[in-house]
Amino acid sequence: MTSMLPIIEELADAPDHKARARWLLEVPLAVIIRDQVTIHRLLSAAGFHEGLAYFAAEIAALSATRGRDGLAPNTIRMTREHARIGVQIIARRGTEKGAVL
């Protein structure tokens with residue numbers, strides 16, 4: 001038994017980038033904030049660069065000061081959406097390192 005929570009163990013046990021991408025898209029945002037150090041370590045160890053970019057963009061969006069409209073600044077929202085699209089493609093196609101999208 002490890003000291004990781006079961007939801008984090010799912011990421012640790014993910015067999016490929018497709019599974020990691022799906023995990024990132026489905027995990028509650030509260031888990032991303034709470035366990036960001038462990039998640040970053042696991043994504044880095046797996047060499048999942050697209051996942052790291054999405055993860056960083058999500059953290060930035062969740063940590064940003066929001067405007068009067070309740071939203072993060074446009075630059076942060078656009079970066080987040082761009083990174084999310086990349087991860088969604090991987091989740092659908094299972095793109096691995098070196099594969100063509």
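**Reading salt bridges and helix packing**

Tutor: The structure holds 3 salt bridges. The model is a predicted one.

Student: What is the general idea behind such pairs of side chains?

Tutor: Side chains of opposite charge can pair when their charged atoms come close. In this structure, Arg 80 and Glu 58 form a salt bridge, at 2.6 Å from N to O. Arg 80 belongs to helix α6 (residues 74–93) and Glu 58 to helix α5, so this pair ties together parts that are 22 residues apart in sequence.

Student: Is Glu 58 buried or exposed?

Tutor: Buried means under 20% relative accessible area. Glu 58 has 0% relative accessibility and therefore counts as buried.

Student: How many residues separate Glu 81 and Arg 84 in helix α6?

Tutor: They are 3 residues apart, which means a separation of about one helical turn. Their side chains meet in a salt bridge (2.9 Å, N to O). Glu 81 is partly exposed at 37% relative accessible area, whereas Arg 84, at 18%, counts as buried.

Student: Which residue forms a salt bridge with Arg 34?

Tutor: The partner is Asp 35, with the closest N and O atoms 2.8 Å apart. Asp 35 is buried, its relative accessible area being 15%.

Student: At what angle do helices α4 and α5 pack?

Tutor: Angles over 145 degrees count as roughly antiparallel. Helix α4 (residues 36–46) and α5 pack at about 160°, their axes lying 9 Å apart. That angle makes α4 roughly antiparallel to α5. The crossing of α4 and α5 is left-handed.

Notes
Residues numbered from 1 in each chain as written. Predicted model: local features only at pLDDT ≥ 70, side-chain atom pairs only at ≥ 80, totals over all residues. Heavy atoms only, no water. Axes fitted to C-alpha atoms, helices over the stretch in contact; angles between N-to-C directions. Helix = DSSP H or I, 4+ residues; strand = E, 2+ residues; numbered from the N terminus. Parallel < 35°, antiparallel > 145°, perpendicular 65-115°, else oblique. Left-handed = near helix turned anticlockwise from the far one by under 90°. Salt bridge = Lys/Arg side-chain N within 4 Å of Asp/Glu carboxyl O. Buried < 20%, exposed > 50% of the residue type's maximum accessible area, 1.4 Å probe, protein only.
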